[in-house]
Amino acid sequence: MKIFKLAKTSFLLWLTFLFINIFFIILIILAPIFQKRWPSLSSAIYLIFTPFCHQIEDRCFSFKNLPLAVCSRCFGIIVGFLLGITTYPIFKRQKPIKTPNIGWFVGASMPMAIDLLGNICHLWSSSNWLRFIIGSIWGILLPFYFLPAVFAFGNKNTNQINSF
Amino acid sequence: MIIPALVGGVAAGFLSSLPLANCFCCLWIILGAFLAVFLYSRDLAKPLSLADGLLLGILSGLVATIIDFFLSIPFQAINAALASRFLETLAQFTEEIPFNWDRWLERSEMARLGFPLIFFTLILRTFIFVGLGAVGGALGVAFFGRRKRGSVSVDSKVEEEKEK
């Protein structure tokens with residue numbers, strides 16, 4: 001039974017990115033877990049994400065009173081990205097190398113833009129869970145633009161189109 | 001392709017390493033790749049392919065990693081001092097100041113880590129910069145690829161022909 005109608009190279013690329021994404025999620029969660037036993041390693045993990053996230057403790061989910069390596073919004077984005085990668089072969093069975101209309105991306109960015117603006121202007125203060133949900137909505141959509149480009153790049157010089 | 005990638009990468013790397021600018025999460029690197037795709041596609045007569053967009057994003061990410069690394073060394077001390085002063089001033093005007101911000105500042109010290117951990121940090125940072133750059137490049141093609149409504153990309157036509 002064909003589950004994924006992806007070329008062999010595309011399938012391998014999809015699997016690689018799935019594992020890379022899981023690896024980074026585990027890394028984010030490991031930062032507070034390592035804090036007591038291996039503080040240097042924990043600091044290194046926090047440092048990895050410094051250029052990409054503010055890491056403000058109050059806005060991060062915590063594990064044993066220690067914050068995760070990224071804020072709840074960034075964690076939502078990366079978890080959403082994982083969901084997007086996981087569901088990609090189901091939604092894109094027929095045309096794996098075609099990006100959705102850009103309107104979808106603009107639409108998914110709206111909740112985040114409104115939430116950011118509201119928080120910056122002190123109109124409201126969103127809870128970490130709301131930030132997480134809004135981040136994941138945005139993150140889910142990203143693989144639908146990213147993976148077609150990866151597949152196009154990967155299949156450029158190969159003729160393997162065996163379906164899985 | 002090199003010049004747009006350099007411009008996008010330098011912009012992304014510079015903004016990512018700026019004190020307090022990382023409060024916009026992964027926005028800068030995605031915008032840097034966007035800029036690279038925009039500059040590259042501006043003078044192109046034919047539509048930009050997804051693979052080219054991805055490559056531009058990857059190159060921007062690599063340039064951004066190098067720029068961020070070299071700028072973060074001088075900026076690190078300034079970053080901590082400036083952030084500390086900024087948050088102290090902010091505390092006089094608002095109660096919305098992040099909780100435990102002093103601990104948050106302490107975490108961003110690279111100097112107390114050994115060389116292997118700094119190397120580990122840089123390798124994983126490169127992965128994230130390149131990954132986010134690739135996402136930005138793919139999104140940039142969706143925005144600036146100048147595809148006509150209803151048409152499919154060059155890559156999807158090739159893929160469909162292969163499948164036939």
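Why is helix α2 (residues 39-48) of chain A largely enclosed by the rest of the structure? Select that helix in this predicted model: seven of its 10 residues are buried, so the rest of the structure largely encloses α2(A).

Next, select helix α1 (residues 8-34) and helix α3 (residues 72-91), both of chain A. Their axes lie 10 Å apart and the helices pack at an angle of about 155°. Because angles over 145 degrees count as roughly antiparallel, α1(A) is described as roughly antiparallel to α3(A). The crossing of α1(A) and α3(A) is left-handed. The residues of this contact comprise 15 nonpolar, two polar and no charged.

Now turn to chain B. Along its sequence the pattern reads α-α-α-α-α-α, with six helices and zero strands. Of its 164 residues, 40% count as buried. Among contacts in chain B between residues at least 6 apart in sequence, 83% link residues at least 24 apart.

Finally, display the largest nonpolar core, which has 77 residues; V70(A), C74(A), F146(A), A149(A), I29(B), V37(B) and A138(B) touch the most other members. Helix α5 (residues 115-144) of chain B supplies the largest share of this core, 10 residues. Centre the view on I29(B): leaving aside residues up to four places away in sequence, I29(B) touches A12(B), S16(B), G61(B), A64(B), F129(B), L132(B), G133(B) and G136(B).

Key
Residues are numbered from 1 along each chain as its sequence is written. Chains are lettered from A and ligands numbered from 1 in the order in which they are written. This is a predicted model: local features need pLDDT of at least 70, side-chain atom pairs count only at pLDDT 80 or more; totals for chains, interfaces and linings use all residues. Helices (H or I, at least four residues) and strands (E, at least two) are DSSP runs, numbered from the N terminus. A residue is buried if 20 or more other C-beta atoms lie within 10 Å of its own, exposed if 12 or fewer, and partly exposed in between; C-beta atoms are placed from the backbone. Two residues are in contact if their C-beta atoms, placed from the backbone, lie within 7 Å. A nonpolar core is a set of buried Ala, Val, Leu, Ile, Met, Phe, Trp, Tyr and Cys residues joined through C-beta atoms within 7 Å. Axes are lines fitted to C-alpha atoms, for helices over the stretch in contact, and angles run from 0 to 180 degrees between N-to-C directions. Angles under 35 degrees count as roughly parallel, over 145 as roughly antiparallel, 65 to 115 as roughly perpendicular and the rest as oblique. A crossing is left-handed if the near helix is turned anticlockwise from the far one by less than a right angle, and right-handed if clockwise. Ala, Val, Leu, Ile, Met, Phe, Trp, Tyr, Cys and Pro count as nonpolar, Asp, Glu, Lys and Arg as charged, and the others, Gly among them, as polar.
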